[in-house]
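Okay everyone, thanks for coming. Let's have a look at the structure together before I say anything about it.

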Amino acid sequence: MSLRSRLLVSLRNGWRQADLDREMDDEMRLHIEMSERDLLRKGVPADEARRQARAAFGSIDAAKDAGRDALGLRLLTELQGDLRYAARLLRRSPAFTAVAVLSLGLGIGANTAIFALVDTVLLKTMPVKEPSRLYFVDNSGGKSDGSNGPPYPCFEILRDHNRFFSGLAAFDGGGPMNVTIDGTPERVRGQFASAAYFDVLGVRPVLGRTFMPADDQPAAGGGTDTPPAVISEVFWERRFARSPEVLGKPILLGRTWVTIVGVTPRAFRGLRPGSPVDLTLPMHVSDNRLTSKEHWWFSVVGRLKDGASVEEAQADLDGMFQAYMTDLGLKGNSRIYFNQIALIPAARGLNDLRHDFATPLWIVMTIVGLVLLIGCANVANLLVARASARQSEIAVRLAIGASRGRLVRQLLTEGALLVALGAAVGLVFARWGVSTLVRFLAGGQGSIQLEPHFDGRVLTFVAIVAALTGLLFSIVPALHATRVDAAKPDNVRTSTPGRRARIGQALVVLQVTLSLVLLSGAALFIRTLQNLNSVDAGFARHGIATMRVEAMLPPFDSKRDAHQEHAQLAQMWEGLLERLHSQPGISSVALSTMSPMARRSRGVLVDVVGAPQRSESDRGISLNHVTADYFDTFGIHLIEGRAFTDRDRATSTRVAILNQSAARLYFGDASPIGRLVKFPGQRIQDPFEIVGVAQDTRYGSLRKQPERMAYLPLSQAVDRVSSVIVGIRAAIEPAGVVGGVRDAAAKTVPGSAVTDVITIDQQIDDSMLRERLVALLATVFGALALVLACMGVYGVLSYAVLRRTREIGIRLAIGAKRASVIWLVVRETALLIVIALAIGIPAVLLTARYVQTQLFEVTPADPLAISAAAALLVAVGALAAFLPARRASNVDPMVALRCE
Amino acid sequence: MSDSTEVLQGTLDLLILKAVSLGRLHGYGVLLRIQQISGDRLQIQQGSLYPALYRLERQGYLMHEWGESENGRKAKYYRLTPAGRRRFKEETEYWQRFSDAIGLALKAMPEDV
């Protein structure tokens, strides 16, 4: 029989232990009865027959014991005994138990919480059918995470003519949508997707239906009366209390009515981890971009046919893509970026979140791993110290015949019980930690919404971590404690303390070393945050609120004259600006198409008139349309020339301002003022005269070097500006001006919507979310490590003082000064810490390289960070040594001498 | 009973398998059957019978069913499983080879060497 099935039988037998016991008993008693009856039949007198039958059988208890053994019950019985014994011991020393369980609980809890996050963000595959056959169709040759799909007309070609996919579906990035349900305006997270989306992913509805092929067409093209909408189960529950009546319910999106036709299962919230989707609408509802041949605005996911290889599928799609691009005659900027098709595995969804958080999360995972190790060292230390108290007991048990293996098992059971308690406490910490982290990540404007579950994967992780932890901290003390000479139970106290003390010291050195690594890391991350906070971003960080105002424009018509249309739009926006100027409390206001930190960008090509054409990549520049007060409002200084004024009208000379980086690249040290630039490929081809140079500003991220930027007056826009950012410097809270902006927009902008209200400070905070997360966690866990290490130092020194009480007493008796006794203890601490620093500092220098990408303007070997961490450790070590040292100096020589 | 022989370590299992191979038996019956077929020449520690039965059952060679004993009590009857039958055959062959070899060895005289 295999070990496994024998174990199973053992366990089953253990389960029915009481039954088995009774059966054995019955069976053996029956045996004796029958044997007695046979003896009676042979004429043995009743008394004698009973006695003989019993004697012949022997001890029933012994037989049952052997029987239990044969049934595989002994191990279980012993285990029960061990557990009861261990529980009694732990109850008897509540302080030890509390410290140990807390050390383990914090360590295991931290690991569990971070693992739950790591699993959700980095490891889990999408809850769809056969995720490994799904691929994103990336049109930028793999430069993106797979989110760069083709323009819609190109998508239609790929969808209808590819040979290796069972289906291709388009879906856009998704985001907040303003809708009206039952007359109430609401904000939901929605996305647009093509009809094949749910079929390609293999997501079946829990209610109603998902999309049908006809849903790719608007009603006129043969679709249903109003476009269908599919909602998530979470939204169904939250908004409609799981009512089946939800099918057929109309929702108003902008000016379009859609009808709910189905609900998708709970697990599925779209393909973008961290951005769950509640409402999915057909692609054609989105807007008029479906016909645009040059707009790159959505992603494509496809399911490979069985047996099709990635290479052939990729080549097939790329052929069609290249033909499309050639037909389009697309050159220049678009061709540089969108050059070829690459298939990106889609099993884990779009990876923008993974890309941002992979390194920070692994760093934090490592940190909590080290914290757990420090906690383990603490518990091991406590166990070793406790073992001293139990040496006599263990020696006695060895002497009366307990086997060493049996005793090790007993001690390991204690460890297992401790770790089980620790894991239970850890789970509580983990739940709290996870919900705190989830709130932290959801807090910003980018709002990363994660839903980590304590599922089987997480629980398995906890079990594995707990098992390893238990083994780690109890095997050394267990083996050590039983290495006792059974022959001299009373003698043990003099035989081993040296070795035990050395184990404790080694553990403390380990703790202090790891703490140094963690604290140095925390210091590096804090300095990174400080540096980001103090970097010159090129604009004022405080007191500015921004919000986006969108206009609902008629569909784009390429036959309309761009000059005329743009002039009309400019007039509309100027009307809005005029009204805003008259709002109370606003000291400065400007409109722009981009704003610092808003994470949107508009890239175009630029040529200097009269200069030789530059390379494609040098021609790229960011374009921002702004009103006159933009530079004042955002505190951006002009280096040279002038800012825009109200006299820069649609009809006046076209003017532009470059930032320093652009001016430097295109004109070197020469002044650009008066030179002309053009923006090839745009609908407006007039040259712009450079009238000023503005200081560089960082856009989108404080980490990135400033990009080249050209500013144009909003009145002379080359783009069809359908939405602007209102930047306001106000004497009152930003919330106070939103109402005014809404009123003003309602009066001047058709179909206006005001969204994304946020201050620049908040945006900066959001942009540093990762850095803040890592710095926060590194600091919290660094502090935890410090506390644990401090407890370790204290424990070891207390024990050392206890051990040397007699020696100290003698020293004092023969005239040693108290100060020299204190020095005796402090010297031990100092030595331990010096050793730890000697190991720890090189360890920091070695490991800090791995976090370099997460740092900002601080080197991994930053002397300030390392010395601050070391100084903190020395200070805390001294503190931990203080109590034992004082106790040593207070030793009464007479008491000390009498005590042994 | 002075000429009875104590059962050798390890042979009790074989004797139990033999006894049970002749028909299903309860524990006491196994004892009686062994005494009967050995002509009362084997002495068995009665208490050690049961651990051996449990071990054989756990190893999958025996199975049990509930029945009524001669005195009308509920009793546990043991019988061989197919695996037990195979095991019994192997053990028997092994024992015969072993006892032949021992017999041969013990008959050896100085001149044979």
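**Where the two chains meet**

So, 24 residues of chain B are in contact with 24 residues of chain A, contact being heavy atoms within 4.5 Å. Before I go on: this is a predicted model, where local features need pLDDT of at least 70 and side-chain atom pairs pLDDT 80 or more, while totals for chains, interfaces and linings use all residues. Residues are numbered from 1 along each chain as its sequence is written, chains are lettered from A and ligands numbered from 1 in the order written, and side-chain values use heavy atoms, leaving out hydrogens and water.

Back to the interface. About 2,100 Å² is buried between chain B and chain A, with 56% of that from carbon and sulfur atoms; buried area is the accessible area (1.4 Å probe) that two parts lose on being put together, summed over both. On chain B's side, Tyr28(B), Tyr54(B) and Arg58(B) supply 38% of the area buried against chain A, more than any other three residues.

We also get 3 salt bridges between chain B and chain A, that is, a Lys or Arg side-chain nitrogen within 4 Å of an Asp or Glu carboxyl oxygen. Lys76(B) and Glu27(A) meet in a salt bridge, 4.0 Å from N to O.

**Now, some rings**

Over all chains, there are 22 aromatic pairs. Rings of Phe, Tyr and Trp (its six-membered ring) pair if their centres lie within 6.5 Å; planes under 30 degrees apart are stacked, over 60 edge-to-face, the rest tilted. Phe631(A) and Tyr711(A) have ring centres 4.9 Å apart and planes at 70°, so that pair is edge-to-face.
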